[in-house]
Amino acid sequence: MSGVLVDIGFWVLGVLAVASAVVVFVVDSMARATYALALSFVAVGLALLLLQQNYVGVVTVLMMVMEMAVMAVYMVMYMGMNPALMPMSMVHDKRAALAVSVAAFVVLGAGALLVPWPVRRGVPSPDVTAALGESLMGKQMLVMVVVSPVMVATIVGGIVLASGRTRYDRFGDDLDVRTPRDPERGGVGR
Amino acid sequence: MSDASSLTTVGLPGLLLWAAALLALAVGAVVLDGVLAARSEGAPLRPSLTRVVDETARLLRQRRRAPLSADTLVWRVGSSGLVVAALLMVAVVPFGDHVVSDLDVGIVWFNTMDVLVWALVWLLGWGANSAHSLVGGYRFLALALAYELPLMFALVAPGVGAASLRLGDVAAAQSGLWFVVWMPVAFAVYCLGVVAFSVWGPFAVPAGHDLAGGVFAELSGVDRLLAQAGRYALLAAGALFAVPLFLGGGAGPVLPGWLWVPVKAGVLLALFVLARRALPSVRPERLMEVGWVVLLPAVLVQDLVVAVVVAVRG
């Protein structure tokens, strides 16, 4: 891609990302807010394609759309008495929130503009995705390998602690009930 | 990474040809479905042959209507987006030596487009401001949570087998043996995923008769036309994508490669259409356990087998 096209792509996607992020707080509908946020993330994912990070960019779009689809369900579900199905404001504590978000935007934006970016030495590697993975994970592989089972254990432990029903509720005090007593029947005849 | 594939990129103008192939397959699916319906009812076959034209003309002439306080923007994004997602899927499918975009992450691209369908179908359900549509949208997400992870891991198998996410490489890696032969579980789960994200056959409950049409309940005019076309287009796109993924790409005797791709896709698509009448509907809450307790481990074992074979072969 030529330099001009990349520049145009960057500005279009950048403006789209910021504008749709602002829209999240302007609209009065849960669905519109959620998917405005999704659009913002999609623009960020597509901007990653400009860095030739095709895998990272496309996966970002995939994960974010999936996440927003699920989040819309949770947001409606947890909104209590379901005003979420009706038009509602997307902001709470407007002044403080506005001050904090403007300050955060200015600090991060100023950081990106003012930091002395290094000048490129040499040429990028032919597979930039592999190079990125190597530099992010290479030295920390042992830490990552240790952290991932700990994270899984935390998730499983959290669900076990939070769950109101245990295996004794499902299979009886002696765990001898063949078909578990579940509020919803499963699909494999258990 | 295997050798760079030697495909010719035709770019955006060529997308019209790809769209034509997708349209032809989708129309074929509508006609076949109509013929099967007429035969099972003992009705004359002739009207079902022109059903596409008749229905298109009827819906184009029909006035659009919307329920009170429908979220029209969101609703129309949902109804018109399905066709776009299907077209973007097939843009990375090589027809013989030609492809619209020779994307190096083609498999992930397909996966992203099928996740986009989650958003589109739910928005279709939400936008109508109708309880039936909304329930349909939720049903689709319930099915999607069950089929998506097995589908993702089914897509992993051809990628590992070919050591590439580029569709051209995946097709080329099957010159000896088609992936469908030694990755049958992944292929079966892939087909199930395609039928499910097309809201078709056993997975059509989000648009079920018990919900007065569910996500399609309030659609009229050109919106209904686009949404229905999107459903068939997604089914056709899934069949087309299976060709480079599992069915050896354009490989085959006599016919040229670019013709083998739609021929193979047409056969698979016909099987999808037949499945609609052969299989019962799946209750959304029941699929979760099937998906995660049966399909997910099965397809993970498939991935392991493929990885071991690739590692041993070197």
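Q: In which helix of chain A is confidence highest?
A: This is a predicted model, and the mean pLDDT of chain A is 88, with 96% of its residues at 70 or more. Confidence in chain A is lowest in helix α7 (residues 167-171), where the mean is 86. At the other end, with a mean of 93, stands α2(A).

Q: Which element of chain B has the lowest mean pLDDT?
A: Chain B averages a pLDDT of 91, and 98% of the residues score at least 70. Among its elements, helix α9 (residues 184-197) of chain B has the highest mean, 96. The lowest mean, 83, belongs to strand β1 (residues 8-9) of chain B.

Q: What is the radius of gyration of chain A?
A: Chain A has seven helices and zero strands. Its C-alpha trace spans about 70 × 45 × 30 Å along the principal axes. For a compact globule of 190 residues the radius would be near 16 Å, but chain A has 23 Å.

Q: What is the radius of gyration of chain B?
A: Chain B holds twelve helices and two strands, in the order β-α-α-α-α-β-α-α-α-α-α-α-α-α from the N terminus. The globule rule gives 20 Å for 314 residues, and the value for chain B is close to that, so chain B is as compact as a globular protein of that length. Along its principal axes the C-alpha trace spans about 60 × 40 × 40 Å. The radius of gyration of chain B is 19 Å.

Q: How much area do chain A and chain B bury between them?
A: The size of an interface is often given as the accessible area lost when the parts come together. Here the contact takes 26 residues from chain A and 30 residues from chain B. Carbon and sulfur atoms carry 75% of the buried area, which comes to about 2500 Å².

Q: Which residues form a salt bridge between chain A and chain B?
A: Side chains of opposite charge can pair when their charged atoms come close. Across the interface of chain A and chain B the rule finds one salt bridge. The closest N and O atoms are 2.6 Å apart, within the 4 Å cut-off. The partners are R32(A) and D71(B).

Q: Which element supplies the largest share of the side of chain A that touches chain B?
A: Between chain A and chain B, three residue pairs are in polar contact. On the side of chain A that touches chain B, α2 (30-49) and α3 (54-77) of chain A each supply at least two residues. The largest share, 13 residues, comes from α3(A).

Q: Which parts of chain B does the salt bridge of R51(B) and D33(B) tie together?
A: Over all chains the count comes to 13 salt bridges. In one of them, the side chains of R51(B) and D33(B) meet at 3.8 Å, N to O. The two residues are 18 residues apart in sequence and lie in separate helices, so the pair ties together helix α3 (residues 51-61) and helix α1 (residues 11-41) of chain B.

Notes: Residues numbered from 1 in each chain as written. Chains lettered and ligands numbered in written order. Predicted model: local features only at pLDDT ≥ 70, side-chain atom pairs only at ≥ 80, totals over all residues. Heavy atoms only, no water. Contact = heavy atoms within 4.5 Å. Buried area = accessible area lost by both parts, 1.4 Å probe. Polar contact = N/O pair within 3.5 Å; in protein donor to acceptor, adjacent residues only side chain to side chain. Helix = DSSP H or I, 4+ residues; strand = E, 2+ residues; numbered from the N terminus. pLDDT = per-residue confidence, 0-100. Rg over C-alpha atoms; globule rule 2.2 N^0.38 Å.
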